[in-house]
Amino acid sequence: MFDDVHFSIMLATLVIFLALMIILNSLLYKPLLKFIDERNSSINSDEERVRQNVAEMSGFNEEFEKIKQSTRDEIAKIKQKALDEARNMAEEEIKAKRVELEQKMEIFSTELSKQRIELEQELKLRLPLWQEALRNNLKNI
C-alpha cells in the first residue's frame with residue numbers, strides 16, 4: 001500500500017509547503033492583518049470623533065434653544081413696549097382731539113348764543129312791522 005510513496009517527494013512537498021507558508025505569511029497575511037488592524041483603528045477613531053461631534057452638537061443645540069428662547073422673550077418685550085407706546089400716543093391724540101372738540105363746541109355754543117340773542121333782538125324789532133302787515137292782511141280779507 002505504501003509502495004508508491006516516496007519520502008523524498010513528501011519531504012520536498014513539505015519543505016515547499018512550509019516555504020510557501022512563510023513567504024505568504026510575510027508577503028500577504030502580515031500586510032493584510034496590518035491593513036485590517038489599521039482599518040479597525042481608523043474606524044474606531046472615526047466613531048469616537050462622531051461621538052464627540054454628536055456631544056458637541058447637542059451642546060450647540062441646547063445653546064441654540066437658549067438663544068432662541070431669549071430672542072423670543074426680547075421680541076415679546078419689544079412688541080409689548082411698542083404696543084404700550086402706540087396706546088399711549090393714541091390716548092394722547094384722543095385727549096388732544098377731545099380738548100380741541102370741546103373748545104370748538106364751546107366756541108360754537110357761544111356763537112350760537114350770540115346769534116340767538118341777535119335773532120331775538122331782530123325779531124323784537126320786526127315784530128311791530130309783522131303785526132302791522134298781519135293787520136293789513138286781515139283788513140284785506
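Tutor: Helices (H or I, at least four residues) and strands (E, at least two) are DSSP runs, numbered from the N terminus, and leucine 134 is found in such a run, helix H1. The model is predicted, so that local features need pLDDT of at least 70 and side-chain atom pairs count only at pLDDT 80 or more, while totals for chains, interfaces and linings use all residues. Residues are numbered from 1 along each chain as its sequence is written, and side-chain values use heavy atoms, with hydrogens and water left out.

Student: How many helices and strands does the chain have?

Tutor: The chain has 1 helix and 0 strands, and helix H1 covers residues 7-140.

Student: What do the radius of gyration and the spans say about the chain?

Tutor: The radius of gyration (over C-alpha atoms; the globule rule is 2.2 Å times the number of residues to the power 0.38) is 58 Å for this chain, whereas a compact globule of 141 residues would have a value near 14 Å. Along its principal axes, the C-alpha trace spans about 180 × 35 × 20 Å. As an example, leucine 134 and tyrosine 29, which are 105 residues apart in sequence, have C-alpha atoms 144 Å apart in space.

Student: Why is leucine 134 called exposed, and what percentage of the residues is buried?

Tutor: Buried means under 20% relative accessible area, exposed over 50%, and partly exposed in between (1.4 Å probe, protein chains only). Leucine 134 has a relative accessible area of 52% and is therefore exposed, and buried residues make up 0% of the 141 residues in the chain.

Student: What makes glutamate 100 a partner in salt bridges with lysine 97 and lysine 104?

Tutor: The N to O distance is 3.9 Å to lysine 97 and 3.3 Å to lysine 104, so each contact falls within the 4 Å limit. Along helix H1, glutamate 100 and lysine 97 are 3 residues apart, a separation of about one helical turn, while glutamate 100 and lysine 104 are 4 residues apart, again about one turn. Glutamate 100, at 31%, is partly exposed, and lysine 97, at 49%, is partly exposed as well. Side chains of opposite charge can pair when their charged atoms come close.

Student: How many salt bridges does a search of the whole structure find, and which residues form a network?

Tutor: The search finds 10 salt bridges, and Glu47, Glu48 and Arg51 are linked in a network of them.

Technical notes
Salt bridge = Lys/Arg side-chain N within 4 Å of Asp/Glu carboxyl O.
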